[in-house]
Amino acid sequence: MPDTQQFDLIVIGGGPAGYGAAFYAASAGLQVALVERDIIGGTCLNRGCIPAKAFLETASVARHVQHAKDFGIEVTQTGIEFGVAQNRKQRIVDGLVKGLMGLTRAKKVTYLLGVGSLGANRTVTVTGAEGVQVLQGRYVILAAGSVPRTIPGFEVGGPIMTSDEILMLDTIPARMVVIGGGAIGCEFASAFSDLGSQVTILEGLPKVLPGLDTDLANVVVKSFGKKGIKILTGAKVNGHTPQPTGGTRVHVEGMEDIEVDAVVVSVGRRPFPDLLGLEGTQVQLTDRRFVQVDPYCRTGEAGVYAIGDLINTPQLAHVGYAEAVLAVKDLLGEDPKPIDYSRVPWAIYCHPEVAWAGPDEEQARAAGFDVVVAKHPFRANSRAQILGEIDGLVKVIAKKNADGTAGQILGVHMVGPWVTEQLSGGYLAVNWEATVAEVAEFIQPHPSLSELFGETVLSLTGRSFNG
Ligand code: NAI
C-alpha cells in the first residue's frame with residue numbers, strides 16, 4: 001500500500017467548480033490537491049461553454065459578412081472553412097487549459113491525473129496511468145460534474161451526436177435535427193443555421209426554452225424563424241433509420257420523417273457520480289443521482305462537500321464557482337450566506353442572446369407578488385440601429401407598492417444584442433434589492449445598448465424619455 005499523503009483539502013474534479021474551489025482554497029492558505037481524470041477545465045472549457053461560444057462567434061462573423069453590403073463593404077469572397085474554425089476553437093481551449101495548469105503551479109496546488117474515489121475518513125484513492133496514490137484530507141470537495149443525457153433509440157454514433165461530438169466536427173452538416181430546444185439545443189441550432197445548415201428543432205414540450213419568460217421566448221422564436229430554423233413543438237421522437245448516405249431518417253410521431261446528416265441530442269445533462277466510489281461514507285444520492293447537500297453544499301459525510309453539476313442546482317459554470325467559494329468559506333468556518341438560486345444570472349448565447357436574473361413575470365406573480373412590468377424594444381435604441389441588431393427587448397419586473405408605484409426590482413430579463421454582457425447592471429439591481437427609484441438615478445452612457453435597461457427602469461417611475 002502506498003504512503004498516504006495528507007492535505008487540508010482534496011478536490012475531485014477539475015471543472016470550473018473544482019478548479020475554482022482548489023484555487024480559492026489555495027489563495028486562502030490551504031494545502032490543496034486537485035484530482036482530475038481527463039483535462040483540467042472540465043466540460044465547460046473542453047466540451048461545453050467555451051468551444052460552443054467559439055463556434056457561435058464564427059457564426060457571428062458569418063452573419064457580419066452576409067450583411068457587410070448594408071454597411072457599404074463589398075465582400076468578394078464568401079465561404080466557410082469550418083476546419084479553420086475548429087482549429088481556432090481548439091487553440092483557444094488549449095491556451096486556457098495551459099493557463100489553468102500554470103495556475104495550479106503558481107498556487108502550489110498538487111495536481112493529480114487519475115480517477116479519484118472517496119472512501120471512509122475522507123480518504124481519496126487516485127488511480128492513474130502512474131499507479132495508485134492514497135490521499136487523506138481534512139476536507140474533501142466532490143465536483144465530478146455531469147454528462148449529456150441521451151434518449152432510447154438515439155445512441156451516440158455516426159450521425160447521432162451530443163454536444164460532446166458536435167463540438168469536434170470539422171465540416172458543417174447540410175441538414176440537422178436538434179432534439180431538445182433548451183439552452184444547448186438553441187445555441188447549436190443558432191450557430192449551425194447561421195453557418196448554412198438547414199436546422200429543425202424538435203421540442204417535446206409546447207414551447208422551446210420552456211424556462212424562459214414568454215415575451216423573451218417569443219423574440220427568439222421569431223428571430224429563429226427569420227433564419228429559417230424550423231421549430232416543431234410537442235414533438236415525440238420515435239427513433240431513426242440510418243441511410244446509406246451516412247445520414248439518417250428521424251421518426252417523429254404523427255409527422256413525416258425528417259432526413260438529415262446530423263442529429264444533436266440536447267435533452268439535458270445528468271450528474272456524474274459514477275466513479276466517485278463513496279463506499280463506507282454517508283454521502284447520499286437522490287433518486288436522480290445528484291449528490292444530496294444542505295444549503296452550504298455539505299453532504300451527509302462530515303467534512304465532505306459537493307458542488308457544481310453534481311448537485312441539483314442550476315447547471316451553470318458560474319454557479320459552480322459560487323458554490324466553490326461557499327464551500328471553502330464554510331469549511332474555513334467563515335459563516336457564509338447560502339446562495340439564492342432564484343437570483344443567479346442566466347445567459348444563453350444563441351442569436352439573439354438571452355440573459356436574465358430574478359423571476360420572470362409569471363414566476364413573480366405565482367410567488368404572490370403584485371407587480372409592475374415595463375418592456376422596451378431594442379428597435380428604439382440608437383446603438384442597436386447602428387449595429388443593425390434591432391431584434392430584442394429589455395423587460396423589468398418590479399414589486400408594486402401600496403400606492404401603485406413601482407418599488408423593488410425583482411427581475412431583469414433581456415433578449416437582444418450582447419445582452420449576456422449587459423445583464424450585470426440588472427443582476428446587481430436584483431441582488432442588491434434595489435428599487436426602481438434608486439436605479440433610475442444612475443446614468444448610462446449614450447449611445448449604448450445598456451441605455452435600454454436605464455430607460456426601462458426610468459419608465460417605471462411613471463416618467464420617461466421614450467415610450
Ligand atoms: P435543458 O434542460 O435546458 O433543455 C432540454 C430540453 O429538451 C428541454 O426543453 C426539454 O423539454 C427537451 N426534451 C427533453 N427530452 C426530450 C425529448 N425526448 N424530445 C424532445 N425534447 C426533449 O438541457 P440542455 O439544453 O441540454 O442543457 C443542459 C444544461 O446545461 C442546462 O441546465 C443548461 O442550463 C446548461 N447550459 C447552459 C448554457 C448557458 O447558460 N449558456 C448553455 C448550455 C447549457
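This is a predicted model: local features need pLDDT of at least 70, side-chain atom pairs count only at pLDDT 80 or more; totals for chains, interfaces and linings use all residues.

Biologist: Which residue in S15 is the bridge partner of Met176?

Modeller: Met176 has Ala262 of S15 as its bridge partner. Strand S9 (residues 175–179) and strand S15 (residues 262–265) run parallel and are joined by four bridges. Two strands are said to pair if DSSP finds at least two bridges between them.

Biologist: In what order do the five strands of the open sheet lie?

Modeller: The order is S8-S15-S9-S10-S11, with parallel pairing. Strand S8 (160–161) and strand S11 (230–233) are the edges; each has a single partner strand, so one side of each lacks a neighbour in the sheet. Helix H6 packs on this sheet and touches S9, strand S10 (198–203) and S15. Touching, or contact, means heavy atoms within 4.5 Å. The direction of H6 makes about 165° with that of S10; such angles run from 0 to 180 degrees between N-to-C directions, along axes fitted to C-alpha atoms, for helices over the stretch in contact.

Biologist: How is the packing of two helices described?

Modeller: The angle between the two axes and the distance between them give the description. H3 and H6 have axes 8 Å apart and pack at an angle of about 35°. Their crossing is left-handed. In a left-handed crossing the near helix is turned anticlockwise from the far one by less than a right angle; clockwise makes it right-handed. From H3 the contact includes Ala52, Phe55 and Leu56, and from H6 it includes Glu187 and Ser190. The residues of this contact divide into six nonpolar, two polar and four charged. Here Ala, Val, Leu, Ile, Met, Phe, Trp, Tyr, Cys and Pro count as nonpolar, Asp, Glu, Lys and Arg as charged, and the others, Gly among them, as polar.

Biologist: At roughly what angle do the axes of helix H1 and helix H8 cross?

Modeller: The axes of H1 (residues 16–27) and H8 (residues 317–331) cross at roughly 35° and come within 8 Å. H1 passes H8 in a right-handed crossing. Among the residues that meet are Tyr19 and Tyr24 in H1, and Tyr321 and Val325 in H8. That contact comprises eleven nonpolar residues, two polar and one charged.

Biologist: Which residues of H4 are buried?

Modeller: Residues three or four places apart in an α-helix point the same way, because the helix has 3.6 residues a turn. Buried means under 20% relative accessible area, exposed over 50%, and partly exposed in between (1.4 Å probe, protein chains only). The buried residues of H4 are Phe82, Ala85, Gln86, Lys89, Val93, Val97, Leu100 and Thr104. They pack against several elements, including H1, helix H3 (49–66) and helix H6 (183–194). H4 (residues 82–106) has 25 residues and reaches 36 Å from first C-alpha to last, close to the 36 Å expected; the expected span is 1.5 Å times one less than the number of residues.

Biologist: Where is Cys297, and where is Asn121?

Modeller: Cys297 belongs to the loop between strand S16 (269–271) and strand S17 (304–306), and Asn121 to the loop between strand S4 (115–118) and strand S5 (123–128). Each has a positive phi in a residue other than glycine: near 70° for Cys297 and near 55° for Asn121. Cys297 is buried because its relative accessibility is 1%, whereas Asn121 is exposed because its relative accessible area is 56%.

Biologist: What kind of peptide bond joins His351 and Pro352?

Modeller: The bond is cis, with omega about 5°, and Pro352 lies in the loop between strand S18 (346–348) and strand S19 (353–357). A cis peptide bond also joins His446 and Pro447, with omega about -5°. Pro447 lies in the loop between helix H12 (436–440) and helix H13 (451–459).

Notes:
Residues are numbered from 1 along each chain as its sequence is written. Side-chain values use heavy atoms; hydrogens and water are left out. Helices (H or I, at least four residues) and strands (E, at least two) are DSSP runs, numbered from the N terminus.
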